[in-house]
Amino acid sequence: MGAIRLENVKKTFGNIDVIPGVNLEINDGEFVVFVGPSGCGKSTLLRLIAGLEDVTDGKIMINGVDMANESPAKRGLSMVFQSYALYPHMTVYNNIAFGLKMAGETKAVIDEKVRNAAKILNLTDYLERRPGALSGGQRQRVAIGRAIVRNPAAFLFDEPLSNLDAALRVNMRLEITGLHQELKTTMIYVTHDQVEAMTMADKIVVLQAGRVEQVGKPMDLYAKPANKFVAGFIGSPKMNFIEGDYARARDCACVGVRPEHLLLSTEQGDIAATVKIAEHLGAETYLHVNADNIGPMTVRATGEVPLSGNDRIWLTPDPERIHRFDKNDKAISN
Amino acid sequence: MESKFKTPFGQFAYTVFAWIIGLAIFFPILWMVLTSFKSELDAVNMPPLFLDFNWTLENYTGILEQSNYFKFAMNSVILSFGSTFIGLIFAVTCAWAMAFNPTKRTKDTLLWMLSTKMMPPVGVLVPIYLVFRDWGLLDNRFGLIMVLFLMNLPIMVWMLYTYFKEIPKDILEAARMDGATLPKEIIFVLLPMAIPGIASTMLLNVILAWNEAFWTLNLTTSDAAPLTAFIASYSSPEGLFWAKLSAASTLAVAPILIVGWFSQKQLVRGLTFGAVK
């Protein structure tokens, strides 16, 4: 069981409001991702839930009990750190066993749980090694092993993949998702990478300047962003924003069109543009264009597109998939 | 390590220079040891005799008969290890707080602590002497342990602080998440990672306390007197006995010299920690 509810959680450092007041509901077994640009307070929020930082005000309900003023140990949560934070002087076995020892488990129970976790994470051959003799991916798995043996109410991940190289990151992403499906324990995962957020989450929480901008399923955030910030943050390449006459003609302050929702033509269309740079990725092509009277835009076309710099093209936004925003950057429902 | 000197001559000059400095520092100790094996007459001979004198052990037998070396030595051990041990308890907790939970004033506090070392001890001799007299702490081991511990505390805190700064805070937080209470976090996670730092801090403070002469001479007479007092008892007003004094000094520094010799690697690492990467 691991339902977590944040009620008006506030955090101030000196006289800076890092978290001005967050309300959030996390259901048992959910995979929730906190995403946002660096400095948006997502890690601070995670540390508040963990108990590594003291809340200035508000309640942190874990399974219905307010834990806001309890020590981390009493909250029954496990955390995987960005730096892995393994104990360098202990073997892998003792690293994983440490939490169980602190909980006063018997040797037999500890041994069984450690070996079980090692089996799940493919660490059985490395139990007698020290963290210094392991690769980055193995260290990450030890950190996860240390978290799962304690059978926590929820796992907290603080940017766990950002120290790994690109290929390993994709692997570990799948492993963590697989682990979640197997254990069905609540997971809270912090990242600045919207791809990780989109691929792993049941529910994404987009944060900016300590405020929750939007909470929702990945595809809901993609299809119906609540404001311009979420629209720009979720999706890659970034959404195009068109202001001025084009927006005024559609009764709004700004129109947003995703690069993949622009129909490309070399003959006709709504917006005339000149190609500046074409990035050919094989499966798809990113065109960075300069649209007449609008400015720079990005277009994503599937497959090979035989275009290069200075070619003239025409773009037509898919009318079903344009986003309109008012002058306060809020989305206007279509 | 790559040499900074490009020419073999530069390397040679550097080596010679290092040896000269090293020998200059070591010479007084060597001379003291040599003198301790001379007769009193040979000891004051002019020109000084280097190796061609009659080697004798009479100074050692003499002073071991005359005074109770082991009582003084035992006091030295109790005072230096006692003050270091108590100091460690305070310094570890203090350095933990400053390294892992710093405030705006942590740097000032550290500087202030160090500034107490800049005051000449004689400046507070009278007040401390009076307090010791009134509390019955004169010539008392406990009283002296307290003085030595407080005297070295700033250095211990500084050394441990530098060490602890190098330990990632994440690891301590991981221990907290794993359910370790504060004492367990310090004993099972922080201290094992800081063993080299703690060892060199201990060692340096044992040496400093062992060699401390000002307070040990002024606040003791016989019961709590350590080896510094044992040496001083041979520099008597009725004329200097150089050979006996040298033998007493040799006996006094021998234990700590041996300990220091065996742990020099640890000590050098500790003293340069943070400075050399």
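Trainee: What makes a residue of chain A count as buried, and how many of the 334 do?

Mentor: 40% of the 334 residues of chain A count as buried. The cut-off is 20 or more other C-beta atoms within 10 Å of the residue's own, with C-beta atoms placed from the backbone. This is a predicted model, where local features need pLDDT of at least 70, side-chain atom pairs count only at pLDDT 80 or more, and totals for chains, interfaces and linings use all residues. Residues are numbered from 1 along each chain as its sequence is written, while chains are lettered from A and ligands numbered from 1 in the order in which they are written.

Trainee: What is the overall make-up of chain A?

Mentor: Chain A has ten helices and 19 strands. These are DSSP runs (helices H or I, at least four residues; strands E, at least two), numbered from the N terminus. The C-alpha atoms fill a box of roughly 75 × 45 × 35 Å along the principal axes.

Trainee: Why is the crossing of H3(A) and H4(A) called oblique?

Mentor: Take the angle. The axes of H3 (residues 92-102) and H4 (residues 107-120) of chain A come within 10 Å and cross at roughly 130°. Angles under 35 degrees count as roughly parallel, over 145 as roughly antiparallel, 65 to 115 as roughly perpendicular, and the rest as oblique. Therefore H3(A) is oblique to H4(A). The crossing is right-handed.

Trainee: Which residues of H3(A) and H4(A) meet?

Mentor: Tyr93(A), Ile96(A), Ala97(A), Leu100(A) and Lys101(A) of H3(A) meet Ile110(A), Lys113(A), Val114(A), Ala117(A) and Ala118(A) of H4(A). Contact requires backbone-placed C-beta atoms within 7 Å. By class, this contact has eight nonpolar, no polar and two charged residues. Ala, Val, Leu, Ile, Met, Phe, Trp, Tyr, Cys and Pro count as nonpolar; Asp, Glu, Lys and Arg as charged; the others, Gly among them, as polar.

Trainee: How do you know that S9(A) and S10(A) pair?

Mentor: Count the bridges. S9 (residues 203-208) and S10 (residues 211-216) of chain A share five, in the antiparallel sense. Pairing needs at least two DSSP bridges, so these strands qualify. Gln208(A) stands opposite Arg211(A) in S10(A). The two strands form a hairpin with two residues between them. In the turn, Ala209(A) has a positive phi of about 50°.

Trainee: Which elements of chain B touch chain A?

Mentor: 14 residues of chain B are in contact with 16 of chain A. Helices H8 (169-177) and H9 (182-193) of chain B each give two or more residues to that side. H8(B) gives the most, with six residues. The touching side of chain B divides into eight nonpolar, one polar and five charged residues.

Key. Two residues are in contact if their C-beta atoms, placed from the backbone, lie within 7 Å. A residue is buried if 20 or more other C-beta atoms lie within 10 Å of its own, exposed if 12 or fewer, and partly exposed in between; C-beta atoms are placed from the backbone. Axes are lines fitted to C-alpha atoms, for helices over the stretch in contact, and angles run from 0 to 180 degrees between N-to-C directions. A crossing is left-handed if the near helix is turned anticlockwise from the far one by less than a right angle, and right-handed if clockwise.
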